[in-house]
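Please look through the two chains shown here and work through the questions that follow.

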Amino acid sequence: MAEALLSLRINGESVHAAAPAHWTLLEVLRYRLDLIGSKQGCDKGDCGACTVQVDGEPVLACLTLACAAAGREVRTVEGLGWAPEARDGCHPLQDAFDRWDAAQCGFCTPGILMSAEALLRKAGRVVTREEVREALAGNLCRCTGYTKIIDAVVDASAMLVGPREQA
Amino acid sequence: MLRLPQFGVALPANVDAVVALLRDNPGARIVAGGTDILPNLKHRLDEPGMLISLAQVAELRSIAKVEHDGQAWVEIGAGNTLTQVSEDPQVRALFPSLATAAGLVASPLIRNMGTLGGNVNLDTRCRYVNQTKFWRQALGGGCLKSEGKVCWVVPTGRNCVAAMSSDCVPVLISLDAQIVLAGPQGQRVVPAASYFKADGLRHTVREDAELTTSLRVPVPTTPTRSAYAKWTVRKSIDFPLVSVALRFDLEADSVDAPVTKLVVVAGVLGAKPRIVSKLDDAIGKPLSDPALSRIVCAAVAKQCKPLENVPYEAPYRRRMFEVFTRRAIAELVAAG
């Protein structure tokens, strides 16, 4: 099978990978770059487990052709810990998910973190539960019933804004 | 894990290059957001040798007011994502029903990827088609739209009745939008109302070598009220099971003013959206008049005949077409 050389920007780094032209971004991330945080769930756009950010927008890596992502800024869950707002390699969202027990089996968590991070970054304020529900509408979780996930995202938005603005 | 079939990918930089590639590579398919075609390819509903990606065609992504034939239009580039269409201030102000419909497509993730042009050209869908090849083989070898020679929805039918499942299409038809196509012979403009055909295998008049470049929506010249009603099982992510676009032109900017023109368009019936006819009795009645709602709902109930081509029983959906139309009119009246 002929492989094409891909030049991608992933989590702020330039990376090169050889992969077949018909591979999705998810396949290149997982099977060429060993970035296995993004999960392969339904593989057809229903579950959101593969969510990554392309130019800051959360999208489905399973339905993105890898070659179409060239020249764009891809961000995966592995890059969250390097964000300026992260502390000790842990993004406030990841910290909140830990404290609220928002992950059970954890399969949906990377995708949910990427959708939630985009929401918090664009909002720049404490978000409402309804906003979180809407932003996470494309990410399925079969364990938690979503309550603790929503709690964690709202809490993380408060942490990001800081105690002064909250009051 | 669903693997894509093998294909080459072309990444042209402009519309002319896309058209040249389409002309020179029969069987090549266009991919914009990929949210419709890639699942279909993963399900082996087609195996094209080449995909032509629109990822680098920046000229498809503008939204601008233009003048054509002495009329003001908003020209929406086909490459705008559904998120961009639903959030655009101009679209929200002038065509609220289009913003609503674009904002109701699938999930936020899919709206961040899927484009307006892709939604307009969304392949028809059917519960017997949009399945894995394994599933279709278990059924006995597919159907008219896949590998087989029979229709499982209309067992005696020779015509594919897969459903036009776009949320934006009924709205665009109701707003008298036009679809701009670029092809080897140059540009062609087709009214949205005559873009679709009652054939699930080939449900648009777009030629294989043509690319949808933009949608032109006329700026209303009279006060107007418009709405889009959609019913799905899950509110978060689904194709419509009931889909109705409504548009009422009014004599004055009040729901108590007489209606001068009304357009009602229903989707997810067959391959062609249905423009509801025989609504003349409603003209001249105020939008707030309950008699108007009764006339429109009766016409919808009579003319919109769902099939068992998408989930949920057809008789239930038929009833819900009427119910959702009534509620949409009531909401317009309540909003004033």
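**Domains, sheets and contacts**

Q: Into which domains is chain B divided?
A: The model is a predicted one, and its chain B is split into two domains. One of them is made of two separate stretches, and the bounds are domain 1 (60–122 + 163–218) and domain 2 (224–335).

Q: How many residues does each domain of chain B bring to the contact between them?
A: Taken over C-alpha atoms, the centres of domain 1 and domain 2 of chain B are separated by 20 Å. Residues count as being in contact if their C-beta atoms, placed from the backbone, lie within 7 Å. On that basis the contact takes 25 residues from domain 1 of chain B and 26 residues from domain 2 of chain B.

Q: Which elements give two or more residues to the side of domain 1 of chain B that touches domain 2 of chain B?
A: By class, this side of domain 1 of chain B has 14 nonpolar, eight polar and three charged residues. The elements that supply two or more residues to this side are helix H5 (96–104) and helix H9 (168–174) of chain B.

Q: Which residues of chain B does UniProt list for "domain: FAD-binding PCMH-type"?
A: The annotation comes from an unreviewed UniProt entry, and in the model the span has 28% helix and 19% strand, with its end C-alpha atoms 50 Å apart. The record places this feature at residues 2–222 of chain B.

Q: What is the strand order of the open sheet of five strands in chain B?
A: The pairing in this sheet is antiparallel, and the edge strands, each of which pairs on one side only, are strand S4 (63–68) and strand S7 (186–191) of chain B. Neighbouring strands are turned by 30° against each other on average, direction ignored. The order is S4-S5-S8-S6-S7 (chain B).

Q: Which residue in S5(B) is the bridge partner of Ala64(B)?
A: S4(B) and strand S5 (residues 71–77) of chain B pair in the antiparallel sense, and six bridges connect them. Within this pairing, the bridge partner of Ala64(B) in S5(B) is Glu75(B).

Q: What angle does the direction of helix H1 of chain B make with that of S8(B)?
A: Helix H1 (residues 15–24) of chain B packs on the five-stranded sheet. There the helix touches strand S6 (178–183) and strand S8 (211–218) of chain B. Between the directions of H1 and S8(B), the angle is about 130°.

Q: Which strands are at the edges of the open sheet of three strands in chain B?
A: The three strands are arranged in the order S1-S3-S2 (chain B), and their pairing is parallel. Neighbouring strands in this sheet are turned by 35° against each other on average, direction ignored. The edge strands, each pairing on one side only, are strand S1 (8–10) and strand S2 (29–31) of chain B.

Q: Which residue in S3(B) stands opposite Ala10(B)?
A: S1(B) and strand S3 (residues 50–53) of chain B run parallel and are joined by three bridges. In S3(B), the residue opposite Ala10(B) is Ile52(B).

Q: What radius of gyration does chain B have?
A: Chain B holds 11 helices and 12 strands, and its C-alpha atoms fill a box of roughly 60 × 45 × 35 Å along the principal axes. Because a compact globule with 336 residues would have a radius of gyration near 20 Å, the value for chain B agrees with that expectation, and this value is 20 Å.

Q: Which strand gives the largest share of the side of domain 1 of chain A that touches domain 2 of chain A?
A: Chain A is divided into domain 1 (3–79) and domain 2 (83–166), and the C-alpha centres of these domains lie 22 Å apart. In their contact, 15 residues of domain 1 of chain A meet 11 residues of domain 2 of chain A. Strand S3 (51–54) and S4 of chain A each give two or more residues to the domain 1 side, and the largest share, three residues, comes from S3(A).

Q: Which strand of chain A gives the largest share of the side that touches chain B?
A: Between the chains, 24 residues of chain A are in contact with 25 residues of chain B. The chain A side has 12 nonpolar, nine polar and three charged residues. Its largest share, four residues, comes from strand S4 (residues 57–60) of chain A.

How values were computed. Residues numbered from 1 in each chain as written. Chains lettered and ligands numbered in written order. Predicted model: local features only at pLDDT ≥ 70, side-chain atom pairs only at ≥ 80, totals over all residues. Pairing = 2+ DSSP bridges. Axes fitted to C-alpha atoms, helices over the stretch in contact; angles between N-to-C directions. Contact = placed C-beta atoms within 7 Å. Nonpolar A, V, L, I, M, F, W, Y, C, P; charged D, E, K, R; others polar. Domains from an automatic or database assignment. UniProt positions renumbered as here; feature names shortened; annotations may be inferred. Rg over C-alpha atoms; globule rule 2.2 N^0.38 Å.
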